[in-house]
Amino acid sequence: MKAAVFHALGQPLAIETVKKPEAGPGEIVVKVHYCGVCGSDLHATHPGVFVVPDGTILGHEFAGEIVDSGAPGWKVGEMATALPNNACEDCRKQGLSQCKDQLGILCPNNTLTGFHPSAQGAYAEYVKFSAVEALRLPAAVKSREGATVEPLAVGLHAVTRGKVAMGERVLIMGGGPIGLAVTLFSKLAGARDVIVSEYAPARREAAGALGATAVIDPGREEVGPAFQQRAGGPPDIIFECVGVPGMIQTCVDLSRPYGRMVVVGVCMVEDKMVPMSAIFKEVNIQFILGYGRPDWRLVLDLLDAGRVDPRPMITDVVSLEELPAAFEALRKPSAQIKVMVRPGGGS
């Protein structure tokens, strides 16, 4: 099969012919219809604290058609997606297909699909995963929308952990795919004001389409005064969805006394802040990583019911051959939001 393979920092992904995966006991292989490009994929191929090994096939936001099944109850022809978790060697030696401590994505020994050659991802024509992590796509959910379940689940998990409540004022720093997912679910949670601060015009426009009550261009306005002007008061909760040094301190400075912060952005380098600035306000700071299976199920249910529509964030669909150039372009994005690769067929 064809796949986009990472080899070394500073080199684009290489389109190569590799062995097609085969389903062993309890495993499923799907023909990849769509796979989203995630910011984590970019982080993992950039100098920093974590770089994927040579030979890794990235891609963990996918959906497609089952073509090979070694798992009872899962049939060829069904449409599926899957959480990217993989049980560690210790758990597998005990005959377990999931984390023995039920930590899921939080397990420090978890090998995530698309981040190691032992768990190859979906920048390829086919991808293999454990059936215990699989979820069927409802009939109303097409494979393109199915490939957005992973980033949507991150946003849902962030909003849930942040305990967004009816009538609250929400500030979202960053209008990338995760910031937009947080926007969508903050509005669904009943927030009165959902305001997104974002430099890129296309992302500000998408934020409005996904439920933002207002947007801020931080290149033209100071975020704090602009938020208060639009919302009539300071934010009750701030979501940091940028992941660059200094953003946590910025959010602390923007927070009200007893305010809440949720750090969703992934900063891959050392950062600094002044703890006293948060202490003086008794700011509650919550860090989050990923999601759980209930988040995925709820996202699928909401997609099935038509209550969530991720299409405004999907800006580009590229072929596998076009992926290396599109991937590198995302290191300095312009109008792109969610880029998807389409290695095979799909609707």
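Begin the tour of this predicted model by selecting Leu152, Ile172, Phe185, Phe239, Val264 and Val299, which, among the 47 residues of the largest nonpolar core, touch the most other members. Helix 4 gives the most, with seven residues.

Next, select leucine 152 and show what lies in contact with it: leaving aside neighbours within four places in sequence, leucine 152 is in contact with Ala181, Leu184, Phe185, Val299, Leu303, Val308, Pro310 and Met313. Before moving on, select Phe6, Trp74, Phe129 and Val341 as well, which are included in a second, separate core of 40 residues.

Now go to the loop between helix 4 (149-162) and strand 8 (169-173), where glutamate 168 has its place. Is this residue buried or exposed? Glutamate 168 has a relative accessible area of 12%, and because buried means under 20%, glutamate 168 counts as buried.

With glutamate 168 still selected, follow its side chain, which reaches the backbone nitrogen of alanine 165 at 2.9 Å and also makes a polar contact with the side chain of arginine 260, at 2.8 Å.

Definitions and conventions:
Residues are numbered from 1 along each chain as its sequence is written. This is a predicted model: local features need pLDDT of at least 70, side-chain atom pairs count only at pLDDT 80 or more; totals for chains, interfaces and linings use all residues. Side-chain values use heavy atoms; hydrogens and water are left out. Helices (H or I, at least four residues) and strands (E, at least two) are DSSP runs, numbered from the N terminus. Buried means under 20% relative accessible area, exposed over 50%, partly exposed in between (1.4 Å probe, protein chains only). A polar contact is a pair of N or O atoms within 3.5 Å; within protein, one must be able to donate a hydrogen and the other to accept it, and residues adjacent in sequence count only if both atoms are side-chain atoms. A nonpolar core is a set of buried Ala, Val, Leu, Ile, Met, Phe, Trp, Tyr and Cys residues joined through side-chain atoms within 4.5 Å. Contact means heavy atoms within 4.5 Å.
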